[in-house]
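Biologist: I would like to learn how to read a structure feature by feature. Can we go through one together?

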Amino acid sequence: MKFNNKINYIVASALLFIAACKPSIDAPSVSKGQADFSRYISVGNSLTAGYADGGLYLEGQKASYPEMLAGQMKAAGGGDFKTPFFNEDQANGSGYLHISGFNTDGTPQITPVKDNLAVRGQVAIPGFGNVTLYTKYSGDINNYGVPGIKLQQINYAPYGNLNGYYERLLPGNAGTNNTPYIDFVTAKPFTFFSCWLGNNDALGYATSGGANPADQLTDKNQFAQLYTFAIARLTANGAKGVVATIPDVTSIPYFTTVTYAALLAGAQKVSPAVQAIFIQASDAPGGVRAATAQDLFTLTLNSDGVFGKPNAAGIPYGLHPLNPIESKYVLDKTETANVKDYVSYYNSVIKSVAASKGLAVMDAFTVLGQFKAGKVVDGVTVNSNFVTGNLFSLDGVHLTPFGYALVANEFIKSINSQYGSTLSTVDPTKYRMVKFP
Amino acid sequence: MRKILLGILMSLPVLVFGQGFQVNLQGQKQTAMGGAGTGLAIDEASLFFNPGAVSMLEKNGVQVGANLVFLKSAFLQTGSSTVEYNKSEVAPPFQGYAVFGSDKIKFGIAAYTPFGGLMKWDDNWSGKYSVTSLNLKAIYVQPTVSVKLTDYLGLGGGLVYTYGDVNLQRGVPLSNSAGESGKATLDGHGNGWGWNAGIYLKAITGVTIGISHRSKVDVKVKDGDAVFELPASLGPYPTSFSSQLALPATTTLGFGIYPSKKTTIAFDANWVQWHVYRNLAFAYSPTGTRIPNTNSPRNYKDAAALRLGIQNQTTSSLTLRAGIGYAWSPVVDGYVTPEVPDADRLMLSAGLGYNVTPKFSVDASFLFEGLKDRTQTNIETGLSGKFASDVYVPGISLSYKW
């Protein structure tokens, strides 16, 4: 019996030993290289804030790319990272869009979420208009992303009165603020920064179809001067950092979902005689012309549901020169070329300023351009299709958490290659795509 | 054109299994000798290794055995510093043989599991959209006849009935209202037929030679259960699937060499016809849902394995064995998947046999397989990273001869 016990013991020990064995892969050690991540700040607009689905809300804030970067920096000497989160009981922040169901024809119902908001009121700013105000945030801040901010506005002292998302971070109430954004973000010392500014200098013009006089393209010289100024301020105390370029407007579903061909086909389905779609165009002699495949239409033309509706005179919207699609829904081919030209210039500025300061560059123009063509990442099909492309959220401009994770990894690759650091990438599959009920 | 039409089609599970799913554990003696045994007539396991050698067995006998397969895999995603490990699950392949008859003709029945595998990853691991769990079992039952044509030549063959059972689970990249990803489970079984035949030859020089061929078996899975845990608003989803698993043919040339009365050396060369995996098709029912039928290219190539083993009868009741082998992977670059992250592998084995009485004996074996590290980007899923795997297989069998 004793002998048997011994054998049992040996066999049991051997099996336990086997069960504990693991194949060896040498995990690369995480290091900071020449960078110092002890206090990282993120400077930028809505993309930096984690804005998605047409709003800023807690879930999106938690899935911002700066949060992801900071999470990876922790293993390389990174410190605490604070995003000005909305409170749990006001988690829906500004409100946002979600898919609430489907119509019988299989199309999604995209509706706003309006409960548990962090809206504290509205204030009329003389000479500007109404500004929605949000519950103030008073703690430490590392993520300075402010939805809507343009590079043009970073040194504009009254800006804290015009943008509710910025006002929220400042101690003073709207109407009393005079801290320029660039002073606010650089007030506390930092060792590393990311800067993704400039998108709205082109995008504001584009998403409003070039129709809003207050939202025109930022002058090229002004852009160059302000970008140089911003980076000089951010690097003034020796901080290292990463900057990002501006994506091509034609790589976002906001402009690629509603197409000329789809509009024409849709109209002809109802009325086969339809030969043309008419638009207000900046490049047409009388301001109106027939649309072409080179003209881009906004997603809002679809969601506003105006196309084809007859006016008081009985003329259907968009199908006759006397009732053309308004300029705010159309980025005509001249405007499109104009935006592309400016974006290309802005990006050349961003790259040359970054090069002069030895900063890393995350080339969002190229990265999102590659996704537009379609890629498969970890078993997920990624492209720039609306709703189904997994990259863009329901506003067609901002990203899904999964999309932000892909962007975070591009930032990480750029940082690693510039500074010799070995930050680990994030696992994108841990983040969600568009939610379906 | 008032609203946007949704064209969501989800490309879904494709079962892939490579050499990792070929289980070369059909006898403890042979396993201990690197998996070689086609050119030998040492025990009832010849029913599997070479039905032609069965006629040369000196006694009738029955044998039952089992192994425990510990498959250990690790994955490091490109760019990441976090190594992920598969879950510790143990697959228990088994074998059972009975041989009886006269000196000239022998009959036998064999049951064994030449294909199978068990791989579980965490439900939320980075490759979840490729696979989270696969449990595959193929049980072969083989009635056999073996005839000794002369004292130097044996022929044998058997009909193979195959029962296959598969359970495949995978994440689906669709988020529900809680932001959680979806899941697909395919569970089905089927059967198929094949054959196994062999020739055994005693050369004048004292060398024994075996040639065997186990045919391809197509296991048709019909009306397997398909369960999709996905957002309700995108349903309905298919409830069943059908597919066909091709279990490849293996041709083996084996030699037995006898340097002394108590020492045997075995050498086998296997040729496995993995090219049957040109592509794999899955059909779902009912049709017309967002889950389309799939047909994925695999482009496996045929692959070889070489096995060398030795046994020495150390005392009248104790036999010691050892072996070494090398198997080439049939999975070409770009098609490696985490079901079994296949790679060329080195096999080392050892074992012993003990005769408790002249009729009753116990054999034990231990096999280690080390797979080469393989850094891959899968063409279909884009999953990119480095796989490393080791396999540990202890086993034991009991046999009774008369």
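Biologist: How many residues of chain B are in contact with chain A?

Modeller: Contact means heavy atoms within 4.5 Å. By that rule, 53 residues of chain B are in contact with 47 residues of chain A. Keep in mind that this is a predicted model: local features need pLDDT of at least 70, side-chain atom pairs count only at pLDDT 80 or more, and totals for chains, interfaces and linings use all residues. Residues are numbered from 1 along each chain as its sequence is written, chains are lettered from A and ligands numbered from 1 in the order in which they are written, and side-chain values use heavy atoms, with hydrogens and water left out.

Biologist: What is the area buried between chain B and chain A?

Modeller: The size of an interface is often given as the accessible area lost when the parts come together. Buried area is the accessible area (1.4 Å probe) that two parts lose on being put together, summed over both. Here it is about 4,000 Å² between chain B and chain A, and carbon and sulfur atoms give 63% of that.

Biologist: Which elements of chain B touch chain A?

Modeller: Elements are DSSP runs, numbered from the N terminus: helices (H or I) have at least four residues and strands (E) at least two. Those giving two or more residues to this side of chain B are β2 (69-77), β3 (83-85), β8 (153-175) and β22 (384-401). The largest share, eight residues, comes from β22(B). By class, this side of chain B has 26 nonpolar, 19 polar and eight charged residues. Ala, Val, Leu, Ile, Met, Phe, Trp, Tyr, Cys and Pro count as nonpolar, Asp, Glu, Lys and Arg as charged, and the others, Gly among them, as polar.

Biologist: How many salt bridges cross the interface of chain B and chain A?

Modeller: Side chains of opposite charge can pair when their charged atoms come close. The rule asks for a side-chain nitrogen of Lys or Arg within 4 Å of a carboxyl oxygen of Asp or Glu. Across this interface it finds zero. Over all chains, the structure holds 26 salt bridges.

Biologist: Where are Glu167(A) and Lys136(A), which meet in a salt bridge?

Modeller: Their side chains meet at 3.3 Å, N to O. Glu167(A) sits in helix α5 of chain A, and Lys136(A) in the loop between β5 and α5 of chain A. The two are 31 residues apart, so the pair links distant parts of the chain.

Biologist: What is the volume of the largest cavity?

Modeller: On a 1 Å grid over the protein atoms alone, a cavity is a set of points where a 1.4 Å probe fits but cannot get out; lining residues have an atom within 4 Å of a point. Grid points are joined across faces, edges and corners, and a volume is the space filled by probe spheres set on the points. The largest cavity has about 180 Å³. Of its 19 lining residues, Leu47(A), Asn199(A), Leu203(A), Pro247(A) and Val397(A) are the closest to its centre. Helix α7(A) gives the largest share of the lining, four residues.

Biologist: Which peptide bonds are cis, and where is phi positive?

Modeller: Most residues other than glycine have a negative phi, and most peptide bonds are trans. A cis bond joins Gly235(B) and Pro236(B), with omega about 0°. Another joins Ser285(B) and Pro286(B), with omega about -5°. Pro286(B) lies in the loop between β15 (279-285) and β16 (294-297) of chain B. Asp53(A), a residue other than glycine, has a positive phi near 55°. Asp53(A) is in the loop between α2 and α3 (58-62) of chain A.

How values were computed:
On a 1 Å grid over the protein atoms alone, a cavity is a set of points where a 1.4 Å probe fits but cannot get out, and a pocket is an open set with protein on both sides within 12 Å along at least five of seven lines; lining residues have an atom within 4 Å of a point.
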